[in-house]
Amino acid sequence: MIGVGSKAPDFALKDQNGKTVKLSGLTGKKVLLSFRPLAWTAVSHDQRKSLEDNHAQFDRLNAVALGIGVDSVPSNKAWAASMAIKNTSLLSDFWPHGDVAKSYGVFREKEGSSERANILIDEEGKVVFAKTYPIAQQPDIEEIVKFLQSGRK
């Protein structure tokens, strides 16, 4: 997994609406990259909903949360609609398959999907928090919110 203090690799991925999101386009904001193995599973559902439910709080903290997985744009679009996701970008790391997850060191080669992980990037593009979670465990969004509130780097 990418280390704290590392420069975050730039990427450009399409969200569930086909809009390209570039990490470098978010300079000046803190960015949470919330990786999940696959869509349409209970834990991933709860993980994504927690991002959406905390959208206003992320805004207040000058942060943006991005959900990343290896599913296709059409799958992400249907999945977002099924969860009423309106404010959170669900990014497709579908092709080249898992390329962004690989660049952050969270791709599970054998399974063909990413780890369940949260990586927080500061306003200058440096990794300030990186943690993987058991596949069957939802990441604690409060851990991220508290980290953002603390102003730690």
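This is a predicted model: local features need pLDDT of at least 70, side-chain atom pairs count only at pLDDT 80 or more; totals for chains, interfaces and linings use all residues.
Asp15 itself sits in the loop that links β1 (12-14) to β2 (20-22). Despite being buried, Asp15 forms no salt bridge. Lys19 provides the nearest side chain of opposite charge, and it is 5.5 Å away; Asp15 and Lys19 are therefore not counted as a salt bridge, for which a side-chain nitrogen and a carboxyl oxygen must lie within 4 Å. Once neighbours within four places in sequence are set aside, the residues in contact with Asp15 are Val21, Val73, Ser89, Leu90 and Leu91.

Helix α1 covers residues 42-53, and its end C-alpha atoms are 16 Å apart. This agrees with expectation, because 12 residues at 1.5 Å a residue should span 16 Å. Within α1, the buried residues are Ser44, Gln47, Arg48, Ser50, Leu51 and Glu52.

Helix α5 (residues 141-150) buries Ile141, Ile144, Val145, Phe147 and Leu148. These residues lie on the same side of α5, because the arc they cover around the axis is only 160°. Among the elements that cover them are the helices α1 and α2 (55-60), together with the strands β3 (30-35), β4 (63-69), β8 (116-121) and β9 (127-133).

Both ends of α5 also deserve a look. At its start, the backbone nitrogen of Glu142 is within 3.0 Å of a side-chain oxygen of Asp140. Gly151 follows α5 and has a positive phi, near 75°.

Definitions and conventions
Residues are numbered from 1 along each chain as its sequence is written. Side-chain values use heavy atoms; hydrogens and water are left out. Helices (H or I, at least four residues) and strands (E, at least two) are DSSP runs, numbered from the N terminus. The expected span of a helix is 1.5 Å times one less than its number of residues. Buried means under 20% relative accessible area, exposed over 50%, partly exposed in between (1.4 Å probe, protein chains only). Lys and Arg count as positive and Asp and Glu as negative; His and the chain ends are not counted. Contact means heavy atoms within 4.5 Å. The arc is that of the directions from the helix axis to the C-beta atoms. A polar contact is a pair of N or O atoms within 3.5 Å; within protein, one must be able to donate a hydrogen and the other to accept it, and residues adjacent in sequence count only if both atoms are side-chain atoms.
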